[in-house]
Amino acid sequence: MKKEITFLTILCGAIVYAQSFTLIGGTPFKGTTDGSAHLVDIDGDGDLDFFNTGDQGGSGFQGIAELFTNDGSGNFTLVAETPFKGVENVGSEFADIEGDGDMDLILTGSISGGRIAELWLNDGTGAFILDASQPFKDVSVGDVIIEDLDNDGDLDVILSGYNTAAAARITEVYKNNGANPAVFTLLTASPAFDLANEGDVDVADVDGDGDLDLLITGDTGPSELTSLYLNDGTGVFVKDIAASAIFTDMRDSDADFADVDGDGDQDLLINGRFGTSDRVAELYLNDGTGTFTLDATQPFIGGNAGTVNFFDTDNDGDMDVIISGYENSTPKRNTRLYSNDGLGNFREESSESITGINNADIAIGDVDGNGTEDIIILGYSNTRIAEMYVNSGALLSVDRAELLEGLEIYPNPTTEQLHVSSKEHKMVSMQLFDMLGKPVKNIKEKDSILDLSTLPAGIYVLKMEFETASVVQRIIKE
C-alpha cells in the first residue's frame with residue numbers, strides 16, 4: 001500500500017497551543033454600550049482596522065461611529081472626519097457588496113432624531129461614500145446579515161429591528177440584482193418572519209443542502225422566541241416548526257453557529273435570558289440534517305445582553321468560545337473563555353482574566369500579525385469600556401510545520417489498519433476517541449499500526465501526545 005500523508009491530515013492535523021490574553025493599555029478607543037465592534041481591513045493594506053459604534057453614556061444622545069486604522073502591529077489611529085453619523089442601538093456588517101475587492105458597510109441604529117439603515121461604499125482606500133438609492137428600511141436594536149442567500153453569486157441583505165414607519169419590529173430580506181453598482185429589492189416571497197428585536201439573526205447551512213438557513217432570537221414584546229427557518233435555495237425561507245420547538249426561546253440574546261465536534265455540520269450556541277430572569281448559554285448539536293439536540297453536559301454560564309463568539313483561540317484546529325453577559329450569580333458581569341478538546345467538550349479557562357461586560361459586543365481578529373486571534377470588547381462594566389486583549393498564543397516549544405513534517409498517518413480514510421509514525425519527534429502516547437468523546441484505543445509505541453477492523457464505520461479523532469505538544473487528527477473509518 002502506498003504511503004502518503006493525505007490532504008486531510010495536513011488540513012486537519014492540529015497542534016495544541018497555549019493562549020494568553022494580555023490587556024493593552026492606552027488604546028484610543030471610546031467605551032460604548034449597545035454598539036458594534038468590527039475588526040476588518042478597510043484600506044487594503046493587509047491588516048485589520050477597527051470600527052467602533054455605540055452609546056458613550058451621559059445626558060442626551062451620545063452615539064458614535066469611529067474608524068481606526070492599524071499600522072500592522074496593533075497600534076491604532078483614529079481616522080479624522082469620517083462621514084458616518086453617530087449611532088446607538090446598532091446593527092452593522094462589512095462585506096464586499098460591489099465585488100470590487102474592498103469592504104463596504106451597512107450601518108443601522110438610532111441617530112439623533114431618528115433611525116437609519118445606510119449602505120456605505122468603500123473606494124478601496126478606506127474612504128466611504130453613502131449610497132442613498134437603496135430601499136432599506138430604517139431599524140434600531142436589530143441586526144444586519146450580508147450573505148448570498150439565493151446562490152446566484154452576489155450578496156443579499158437581511159435587516160432586522162424596530163422600524164420607524166411601521167412602529168413595529170421587522171425582519172426583511174433584500175435581494176441583490178448582481179449589477180455594479182448593486183441594486184437591492186425587497187423580497188416578498190418569503191412568509192412573514194417571527195418578529196423580534198434585542199436578539200440576534202444568524203445564518204448557516206444547518207441541513208447540508210448547500211444554502212444558508214436563518215435563525216432569529218429576541219424579544220417579541222409580550223415574550224421571547226428562537227425560530228429556525230429553512231432556505232429553499234432561492235432565498236425563500238420557511239419556518240421549521242419542529243426544530244424551533246427544540247430551542248429555548250430567548251431575548252437579550254446572541255447566537256453563533258460552528259462545527260464544535262468535527263463532524264462536518266453546524267452546531268448552535270445561544271446565550272441569553274428567558275422568563276423573568278433565567279439566564280442560560282445552551283449548546284445544541286446538529287446531526288447533519290438540521291435536527292438539533294441540547295447538550296446539557298457543557299459548563300457554559302449564560303448571561304443576557306451579552307455575546308457568544310466561536311473562534312480558535314489556541315490554534316489547535318477546533319472552535320473555542322467566548323461568552324459575555326449579565327449572569328444570575330455574583331459578580332454578575334462576566335466574560336468567560338472556554339476551550340474545546342476537539343470533540344465538542346468544553347472547559348472554562350479560568351486563568352484568563354477578561355473584564356466582564358453586558359450590553360456588549362466583541363470583535364475578534366489578529367491585530368498584531370502574530371498568527372493568533374486577539375479580541376476587542378465593548379460594553380458596560382460599572383462604566384463603559386473598550387478594551388483590547390492580545391493573544392500571545394506562543395507554541396509550547398516547536399514550530400507547527402516542524403512538528404507535522406515527520407508525521408505520517410495513512411491511509412485516511414481506512415478500512416482496517418491505520419499507520420501512524422513520527423520520524424522527527426518523540427511520540428509519548430496516542431489515544432483514539434469516537435465522536436462522543438469516548439476512548440476506544442490507547443497506544444504507547446512510537447511507531448504504531450492501529451487495527452480498526454473491529455470498529456464500526458464512522459469518524460474518529462486520534463490524539464497524539466508529544467513531549468512538547470499535542471496533535472489531534474480526524475480519522476475516517478469506512
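**Salt bridges in their setting**

Mentor: Happy to! Of the contacts in the protein chain with a separation of 6 or more, 51% join residues 24 or more positions apart (contact means heavy atoms within 4.5 Å). Please keep in mind that this is a predicted model, where local features need pLDDT of at least 70, side-chain atom pairs count only at pLDDT 80 or more, and totals for chains, interfaces and linings use all residues. Residues are numbered from 1 along each chain as its sequence is written, and side-chain values use heavy atoms, with hydrogens and water left out.

Buried residues (under 20% relative accessible area; exposed is over 50%, partly exposed in between, with a 1.4 Å probe and protein chains only) make up 55% of the 478 residues.

Now to your part. The structure holds 11 salt bridges, each a side-chain nitrogen of Lys or Arg within 4 Å of a carboxyl oxygen of Asp or Glu.

One of them joins Lys 85 and Glu 118, with 2.6 Å from N to O. This pair links distant parts of the chain, 33 residues apart: Lys 85 lies in the loop between strand S6 (76-78) and strand S7 (88-95), while Glu 118 belongs to strand S9 (residues 114-122). Lys 85 counts as partly exposed because its relative accessibility is 33%, whereas Glu 118, at 10%, counts as buried.

Another connects Lys 239 with Asp 194, whose closest N and O atoms are 2.7 Å apart.

Next comes Arg 336, which forms a salt bridge with Glu 327, the closest N and O atoms being 2.8 Å apart. With 15% relative accessibility, Arg 336 counts as buried, and Glu 327 is buried at 4%. These two belong to a network of salt bridges that links Glu 327, Arg 336 and Glu 348.

Conventions
Helices (H or I, at least four residues) and strands (E, at least two) are DSSP runs, numbered from the N terminus.
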